[in-house]
Amino acid sequence: MATAPIEPPRRLVRAIGDDPASPARAWLDTLPDRVAEQLAAWELTLERVHEPGGRASLLVLVTQADGTPAALKFPLPGQPGAEAEAAALTRWDGWGAVRLLRADLDSGALLLERLRGAVSLRSLPEAKALLEAAGTVRRLWVSPPEQHPFETLAARTEADVAALRAGAAAAPSAAPLIDEATELRRALPADAPEEVLLHGAFRQGKVLAGHRTPWLAVGPRPVVGERAYDLVGLVLDRMEDLAAGTGAAAAARRRVAKLADSVDVDRDRLRGWVLIGAVEGGLRAVTAGDRARGELLLEFGTWL
């Protein structure tokens, strides 16, 4: 059994920063010990740290005692918790999503089936990727279990509206668009046609090639709400390609219509959630200093 200390990926280290007072930094500093303890507890053999990895978790490739490959995940504290992710993966039980093998909610560790991490839907041509993505995400839309730990879109309303207002100062020229997004963020959850379990962060890069089935979703940030919310990332995927072509606004509207129709979601409701997502993402990017991406996202909102 491997005992050599692991080295967290540089992407994760950069995302966390070097503030010694940060809880995330304290978690990062103790991560090698946490991994070693979990390897011993679950009788796992370390293969390697998955690179380049994500910005909100560590993923370690391991082998189980019976020789079966798996992946050991440690979500960053302060992110949507391991408990909610474990509960969602348990509810899906491998249907459309990676299968959860074990969970330790004290440490936050999740043992997952091994997927082909280097191959996501982004490796496919756009039309094929959207088709496969739609087929995958609709499998995840199931009723939540009773007494579930998941947040709801309605419960997030006030926090999301406050975030939109706080970010408005970064893009004063987009005030009318921000006002529309704010109004929609209040209105849409109030008359939602359904409440199902959602992936919460679905996009092409969150669907990886599997072994028991071609494509499986990973990295959920589960939330309960209407299906249209889970399609926002798919509409915004590869938006640079739309922007580079002619008739970008018409192409964006066609993408909304085509995706909504393919999974039987109301076009207007999807358009509303996409506008909210574009504005929220645009304001975050501008505030973080990525003005080019932020302005593109805000422009995408005007195309709708």
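**View 1. Helix α6 passes helix α10 in a left-handed crossing.** A crossing is left-handed if the near helix is turned anticlockwise from the far one by less than a right angle, and right-handed if clockwise. Helices (H or I, at least four residues) and strands (E, at least two) are DSSP runs, numbered from the N terminus. This is a predicted model, in which local features need pLDDT of at least 70 and side-chain atom pairs count only at pLDDT 80 or more, while totals for chains, interfaces and linings use all residues. Residues are numbered from 1 along each chain as its sequence is written, and side-chain values use heavy atoms, with hydrogens and water left out. The axes of α6 (residues 175–190) and α10 come within 9 Å and cross at roughly 130°, which makes α6 oblique to α10. Axes are lines fitted to C-alpha atoms, for helices over the stretch in contact, and angles run from 0 to 180 degrees between N-to-C directions. Angles under 35 degrees count as roughly parallel, over 145 as roughly antiparallel, 65 to 115 as roughly perpendicular and the rest as oblique.

**View 2. Residues of α6 meet residues of α10.** From α6, the contact (heavy atoms within 4.5 Å) draws on L177, I178, E180, A181, L184, R185, L188 and P189. From α10 it draws on R269, R271, G272, W273, L275, I276, V279 and L283. By class, 11 residues are nonpolar, one is polar and four are charged. Ala, Val, Leu, Ile, Met, Phe, Trp, Tyr, Cys and Pro count as nonpolar, Asp, Glu, Lys and Arg as charged, and the others, Gly among them, as polar.

**View 3. Helix α9 packs against helix α10.** The angle between α9 (residues 248–262) and α10 (residues 267–287) is about 125°, and their axes lie 9 Å apart. α9 is therefore oblique to α10, and the crossing is right-handed. In α9, V256, A257, A260 and D261 meet R267, L270 and R271 of α10. Four of these residues are nonpolar, none is polar and three are charged.

**View 4. Three strands form an open antiparallel sheet in the order β6-β9-β10.** Two strands pair if DSSP finds at least two bridges between them. β6 (116–120) and β10 (215–217) stand at the edges with a single partner strand each, so one side of each has no neighbour in the sheet. Neighbouring strands are turned by 55° against each other on average, direction ignored. Three bridges join β9 (residues 207–209) to β10, and A209 has W215 in β10 as its bridge partner.
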